[in-house]
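Subject: Structure handover and notes

Hi,

Here is the structure for you to open alongside this email. Please keep it on screen while you read.

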Amino acid sequence: MNEGRGVMEEPVPDEPRYDEAAFEEQDLGDQEPHAVQPAPPQERRISPKELEAMLLGGERTLKRREVAAGVGLSLYSARKLWRALGMPNFTDDDLAFTQADLEHLKVMPRLVRDGVLTEDAALSVTRAIGQMTDRMVVWQVEALIEDMVSTEGLSDAEARRALIDRIPELIGPLEEMLVYSWRRQLTAGVQRLALRAQAGLERSAEGRDGSEDDAPLPLARAVGFADLVSYTSLSRRMNEKTLAQLVQRFENRCAEIISVGGGRLVKTIGDEVLYIAETPVAGAQIALALAREFAEDEILPECRVAMVWGRVLSRLGDIYGPTVNLAARLTAIAEPGQVLIDDVTAKALGEDERFVLDPQAPQLVRGFGEIHPVALRPGAGPGIVLD
């Protein structure tokens, strides 16, 4: 990470079956509405400044040039590292860093100097840490606040103030779970990398001649989308609390099904989830389970689902390529409660009695021309079973 090395710059709706009253009943349970009383105000036990010192490992006593020198970097290179972590800009006069900052910020430069990572790789890995932990912290804070509002009768503002007093007892447990989860996820990633990558590529070559748009891409994956029906019209009729509950219910159900099915939830975008799986069978079973779950849900509307087996490029925690685009296009033309796949994916599943394939009329799809969608239905066997 020395100055002069590579620089990385920052780079027609259907009527839903949604029942708003059902959410309200869930909130209140068997209690009468007036039974929830605001919690009495608590005396503050810790100030924001004290909490900051606890989290940062001490008070801010160091300026940016002092830290850069202590890490062994030019200010220019140190600023690249701080930007990758998502830190704001600091001036030469700001007391912005602690002694603990100085020690932690030595880690990535040391890996570069030892030849373990290139500078570009170190910055990319650091950026992943910064972006993912930022999103994680926002998610956790909002979840805690929402729970305090719901269970203790606090207003949003009261819950945000009260949370400051509760964070000290959460630091250790949350940090422990973060490290534990990271190690489990890295283990799963190593297994995918070392044990199943080549088998997936060989499987993805079946039924193809090598001229396909996704042929040069390195990873064989089943790519699936699930899209809630009538989400836009629903969101216009819901208040903030009910909309949040709907989205959370949808995301939680999807995450559970995808995880149990052996897939990975790549991202959620409002009313839509994107997932991947390592085999066409796993991808198909997840797709069917998602469609079944929301068809049977008494509160959420149905969803449209599509899945395509092909090759993708994985970057920045997301996936790219024609396979992803085709899965998205198929989702858009699927009927509520229906699962669509393409004809190549159908060939990969054709001999499996767990699936029933129903060819559909050809359709012209933007960016792909004429395609031959196939409706996927459950065959023999129970499919994904949730505990």
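Below are the notes, taken region by region.

**Ground rules**

This is a predicted model, where local features need pLDDT of at least 70, side-chain atom pairs count only at pLDDT 80 or more, and totals for chains, interfaces and linings use all residues. Residues are numbered from 1 along each chain as its sequence is written, and side-chain values use heavy atoms, with hydrogens and water left out.

Helices (H or I, at least four residues) and strands (E, at least two) are DSSP runs, numbered from the N terminus. Contact, touching or meeting means heavy atoms within 4.5 Å. Buried means under 20% relative accessible area, exposed means over 50%, and partly exposed is in between (1.4 Å probe, protein chains only).

**Helix 4 and helix 7**

Start with helix 4 (residues 75-85) and helix 7 (residues 119-152). Their axes come within 7 Å and cross at roughly 35°. Axes here are lines fitted to C-alpha atoms, for helices over the stretch in contact, and angles run from 0 to 180 degrees between N-to-C directions.

Helix 4 brings Lys80, Leu81, Ala84 and Leu85 to the contact. Helix 7 meets them with Glu119, Leu123, Thr126, Arg127 and Gly130. By class, that contact has 4 nonpolar, 2 polar and 3 charged residues. For the classes, Ala, Val, Leu, Ile, Met, Phe, Trp, Tyr, Cys and Pro count as nonpolar, Asp, Glu, Lys and Arg as charged, and the others, Gly among them, as polar.

Take a look at Glu119 in helix 7. Glu119 counts as buried because its relative accessibility is 3%. Glu119 lies 42 residues from Ser77 in sequence, and their C-alpha atoms are 9.9 Å apart.

**The largest cavity**

By class, that makes 4 nonpolar, 1 polar and 3 charged residues.

The space inside is about 70 Å³. A cavity is a set of points, on a 1 Å grid over the protein atoms alone, where a 1.4 Å probe fits but cannot get out; lining residues have an atom within 4 Å of a point. Grid points are joined across faces, edges and corners, and the volume is the space filled by probe spheres set on the points.

**Helix 10 and helix 11**

Helix 10 covers residues 240-260 and helix 11 covers residues 280-296. Their axes come within 10 Å and cross at roughly 145°. The crossing is right-handed. A crossing is right-handed if the near helix is turned clockwise from the far one by less than a right angle, and left-handed if anticlockwise.

From helix 10, the contact uses Phe250, Arg253, Cys254, Ile257 and Ile258. From helix 11, it uses Ile286, Ala289, Leu290, Glu293 and Phe294. By class, there are 8 nonpolar, no polar and 2 charged residues.

Helix 12 spans residues 322-333 and holds Thr331. Thr323 is found in helix 12 too. Are they buried or exposed? Thr331 is buried because its relative accessible area is 1%. Thr323 is buried because its relative accessible area is 4%.

The contacts below leave out residues up to four places away in sequence. Thr331 touches Phe225, Asp227, Arg304 and Ala306. Thr323 touches Asp214, Val223, Val308, Trp309, Gly310, Arg311 and Val312.

**Other positions**

- Ala69 lies in helix 3 (residues 64-71). Ala69 counts as exposed, at 57% relative accessibility. Leu102 is 33 residues away in sequence and 9.6 Å away in space, C-alpha to C-alpha.
- Arg366 sits in the loop between strand 8 (363-365) and strand 9 (369-371). Arg366 counts as exposed, at 63% relative accessibility.
- Ala380 is in the segment after strand 10 (374-378). Ala380 is partly exposed, with a relative accessible area of 36%. Ala380 touches Glu353 and Arg354, not counting residues up to four places away in sequence.

Best wishes

Notes. 1 Å grid on protein atoms, 1.4 Å probe; cavity = no way out; pocket = protein on both sides within 12 Å on 5 of 7 lines; lining within 4 Å.
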